[in-house]
Amino acid sequence: MTDQVVKSLTDPAFLIALLVGIAVFATVFTLLPALGGNQLKSRMKSVALERDELRAKQRTRLANEADRRRKGGGLREEQSIGMRNIVDRLDLRHALADESTLQKLKVAGFRGQNPLTRFLFFRLILPFVGFALAALYVFMLGGLPLQPPFIKLFVCVVVAYGGFYAPILYVNNRAAKRKQSIQMAWPDALDLMLICVESGMSVEAALRKVAEEIGAQSVALAEEFVLTNAELSYLQERKVAYENLASRTGLESVKSVTQALVQAERYGTPVAHALRVLAAESRDMRMNAAEKKAAALPPKLTVPMILFFLPVLFAIILGPAGIQVSQRGVFGDQHKSSSE
């Protein structure tokens, strides 16, 4: 039995067949990837098809929204056209608007030409409305009856002056609230972005995912991320998209992050390390702001405590003693009257 096995293994025909089989197996194993096609190419093709499909759905949705707004907002469109005609005739953009005004409108969340047109129109019309209402109240309805006419006219002028600056105060208030909302949610957004980047996501995908998650905490920050993602997709230079994000928010922490992203794309530095450091700094800044508010709380509570807490405390402490003194005085009078 053993001799037959050894004889068959040493047989030249068997050795040749074994070598031919090994060669065929090696050839098939080598050519199998080529016969199966390029997997990376097929994956990239599927991703491109999915991206085109998403863009088509997005365009369809935007077109439907535009049609719905066009059908339902005809009156608003006519009002906007009338405001634009007045602003263009009086050339209010050169008279009342400058770069700082446009920057404030961007920080407040007003983008495009329509918000600027409304802002200039209200700055033009509110002084006249305020003067007319003040004059109606003072001269027609008998307001300030003891004051001379000069004081009444001065009050009307002051109200008109306040109407001229009312849109600026509204925009500043809106910008401050929006900046505060973004500042509070910014460290959490950086943490989410860091997780997305470290998991292998691109910056665009990370921004889209963070915008979906951070919307419950800050709608303004979610809007900025969505707009930045759109600009990264369509602008020729990605640096411009990051700079626009920093200018629209008006925050130094956001500006630092955008500069880090620009440097990372220019020099190839890792984005995750920069995001981790900046997220820690933003969190420390938020904690410092909270500690500053907490430190300023005792001086603010001094006047309310003096006006409201101390009188109640004195009444509680001295009230029983006063009641006892009054009762003793009454009892003493009754005792004297009974003895007499």
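**Figure 1. Helix α12 and the lining of the largest cavity.** In this predicted model, α12 gives four residues to the lining of the largest cavity, which is the largest share from any element. The residues that line this cavity are Trp186, Met193, Leu207, Phe225, Tyr242, Leu245, Val254, Val257, Thr258 and Leu261. Besides α12 (252-267), the elements that contribute two or more residues to the lining are α8 (149-198) and α11 (238-249). Sorted by class, the lining holds nine nonpolar residues and one polar residue, with no charged residues among them. The space in the largest cavity comes to about 40 Å³, and a search of the whole structure finds one cavity of 30 Å³ or more.

**Figure 2. The largest nonpolar core.** The largest nonpolar core has 33 residues, and within this core Met193, Leu221 and Phe225 are the residues that touch the most other members. At least two residues of this core come from each of α8, α9 (203-214), α10 (219-234), α11, α12 and α13 (271-295), and the largest share, nine residues, is supplied by α8. In soluble globular proteins, nonpolar side chains tend to be buried together.

Figure 3. When residues up to four places away in sequence are set aside, phenylalanine 225 touches Trp186, Ala189, Met193, Leu207, Val210 and Ala211. Apart from the core that holds Phe225, there is a second, separate core of 14 residues, which includes Val107, Ala108, Ile168 and Ala175.

**Figure 4. Arginine 123 in helix α7.** Arginine 123 lies in helix α7, which spans residues 113-140. Its relative accessibility is 7%, and arginine 123 therefore counts as buried, since the cut-off for a buried residue is under 20%. Leaving out the neighbours within four places in sequence, the contacts of arginine 123 are with Leu96, Phe164, Tyr165, Pro167 and Ile168. Ile168, one of these contacts, is also named in the second core.

**Figure 5. Isoleucine 125 and glycine 163.** Isoleucine 125 is likewise found in helix α7, but with a relative accessibility of 33% it counts as partly exposed. Although isoleucine 125 and glycine 163 are 38 residues apart along the chain, their C-alpha atoms are separated by 8.4 Å.

**Figure 6. Aspartate 91 between two helices.** Aspartate 91 is placed in the loop between α4 (74-90) and α5 (92-96). The phi angle of aspartate 91 is near 55°, which is a positive value in a residue other than glycine. Aspartate 91 counts as partly exposed because its relative accessibility is 39%.

**Figure 7. The whole protein, as a setting for the close-up views.** The secondary structure of the protein consists of 14 helices and zero strands. Of the 340 residues in the protein, 23% are buried, and the accessible surface comes to about 24300 Å², with 65% of that surface belonging to carbon and sulfur atoms. Where contacts in the protein join residues at least 6 apart in sequence, 63% of them link residues at least 24 apart.

Definitions and conventions:
Residues numbered from 1 in each chain as written. Predicted model: local features only at pLDDT ≥ 70, side-chain atom pairs only at ≥ 80, totals over all residues. Heavy atoms only, no water. 1 Å grid on protein atoms, 1.4 Å probe; cavity = no way out; pocket = protein on both sides within 12 Å on 5 of 7 lines; lining within 4 Å. Points joined across faces, edges and corners; volume = space filled by probe spheres on them. Nonpolar A, V, L, I, M, F, W, Y, C, P; charged D, E, K, R; others polar. Buried < 20%, exposed > 50% of the residue type's maximum accessible area, 1.4 Å probe, protein only. Contact = heavy atoms within 4.5 Å. Areas by Shrake-Rupley, 256 points an atom, 1.4 Å probe, with all protein chains shown as cover. Core = buried A, V, L, I, M, F, W, Y, C linked by side-chain atoms within 4.5 Å.
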